[in-house]
Amino acid sequence: MYLAIRRATDEDTDKVLKVTKESFSLYQDELHVNYEVKALKETIESTLKDIRENAVFVVERFNVLVGSIRIKKLSDDLWYIYRFGVSPNITNTGLGSALLDAAVEFAHENGAKAIALHTNSKYYRLARYYYGKQFYVHSTTFDRGYVRALFVLELEQGNEVDLSPAFSQ
């Protein structure tokens with residue numbers, strides 16, 4: 001099969017960890033950051049825990065896992081995206097957008113009215129990407145040593161969603 005997006009299984013753990021580290025290494029390199037990027041400290045155990053307890057989606061191209069995204073329910077109305085990345089070899093091919101769409105669709109089908117995520121606000125390319133996907137910056141914080149933006153995607157207009165569960169993520 002040329003392209004497949006599916007839920008991750010236990011057997012994908014090492015590949016999900018590998019693509020996470022590849023993509024977040026690129027993130028760290030492009031930003032020239034001097035703070036700890038938590039995704040680079042990820043372990044097999046924490047990755048497996050996410051696969052078992054939250055929703056982890058992967059994208060395969062020619063039967064090779066080249067991207068993953070994790071999403072978890074924070075409240076009845078709010079879901080949170082984290083550890084979203086694709087292999088540096090396939091950036092700007094639409095595979096990341098397909099993964100994001102799958103995660104958003106899954107959350108919406110499971111009652112989400114809004115989806116949140118954090119990213120470094122100085123990563124212009126990534127911030128621009130999320131704006132293009134209809135996310136907006138709700139707020140920023142400096143609690144991790146950099147300007148961290150909370151991006152929000154409202155799935156249903158006119159509904160006030162309590163975003164406070166995302167602040168501590």
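# Questions on a predicted chain

User: Is Gln134 buried or exposed, and what is its relative accessible area?

Analyst: This is a predicted model, in which local features need pLDDT of at least 70 and side-chain atom pairs count only at pLDDT 80 or more, while totals for chains, interfaces and linings use all residues. Residues are numbered from 1 along each chain as its sequence is written, and side-chain values use heavy atoms, with hydrogens and water left out. A residue is called buried under 20% relative accessible area, exposed over 50% and partly exposed in between, with a 1.4 Å probe and protein chains only. Gln134 therefore counts as exposed, its relative accessible area being 59%.

User: Where does Gln134 lie in the chain?

Analyst: Helices (H or I, at least four residues) and strands (E, at least two) are DSSP runs, numbered from the N terminus. Gln134 has a positive phi, near 75 degrees, although this residue is not a glycine. Its place is in the loop between α4 (124-132) and β6 (136-141).

User: Which loop holds Phe62, and what is the relative accessibility of this residue?

Analyst: Phe62 is not a glycine, yet its phi is positive at about 50 degrees. The residue lies in the loop between β2 and β3 (64-73). Phe62 counts as exposed, so its side of the cut-off is clear from a relative accessibility of 52%.

User: In what order do the helices and strands follow one another along the sequence?

Analyst: The chain holds five helices and seven strands. Read along the sequence, these elements follow the pattern β-α-α-β-β-β-α-β-α-β-β-α.

User: What radius of gyration does the chain have?

Analyst: Along the principal axes, the C-alpha atoms fill a box of roughly 40 × 40 × 30 Å. The radius of gyration is taken over C-alpha atoms, and the globule rule is 2.2 Å times the number of residues to the power 0.38. For 169 residues a compact globule would come near 15 Å, which agrees with the value for the chain, 15 Å.

User: What share of the contacts with a separation of 6 or more joins residues 24 or more positions apart?

Analyst: A contact means heavy atoms within 4.5 Å. Of the 169 residues, 46% count as buried. Within the contacts at a separation of 6 or more, the share from residues 24 or more positions apart is 66%.

User: Which residues are in contact with Leu65, leaving aside its neighbours within four places in sequence?

Analyst: Leu65 has its place in strand β3 and counts as buried at 12% relative accessibility. Leaving those neighbours aside, its contacts are Asp12, Lys15, Val16, Val19, Val58, Val59 and Glu60.

User: Which residues does Phe84 touch, not counting residues up to four places away in sequence?

Analyst: Phe84 belongs to strand β4 (residues 78-86) and is buried, with a relative accessible area of 16%. Its C-alpha atom is separated by 6.4 Å from that of Arg70, 14 residues apart along the chain. With the sequence neighbours excluded, Phe84 touches Phe24, Ser68, Ile69, Gly96, Leu99, Leu100, Tyr129 and Tyr130.

User: How are the rings of Phe57 and Phe106 arranged?

Analyst: Rings of Phe, Tyr and Trp (its six-membered ring) pair if their centres lie within 6.5 Å, and planes under 30 degrees apart count as stacked, over 60 as edge-to-face and the rest as tilted; this rule gives seven aromatic pairs. Phe57 and Phe106 have ring centres 5.4 Å apart and planes at 65 degrees, so their arrangement is edge-to-face.

User: Which elements hold Phe57 and Phe106?

Analyst: Phe57 and Phe106 are both buried. The pair links distant parts of the chain, 49 residues apart, with Phe57 in strand β2 (residues 55-61) and Phe106 in helix α3 (residues 95-109).

User: How do the rings of Tyr80 and Tyr82 pair?

Analyst: Tyr80 and Tyr82 are both buried. Their ring centres lie 6.4 Å apart and their planes are at 20 degrees, so the pair is stacked.
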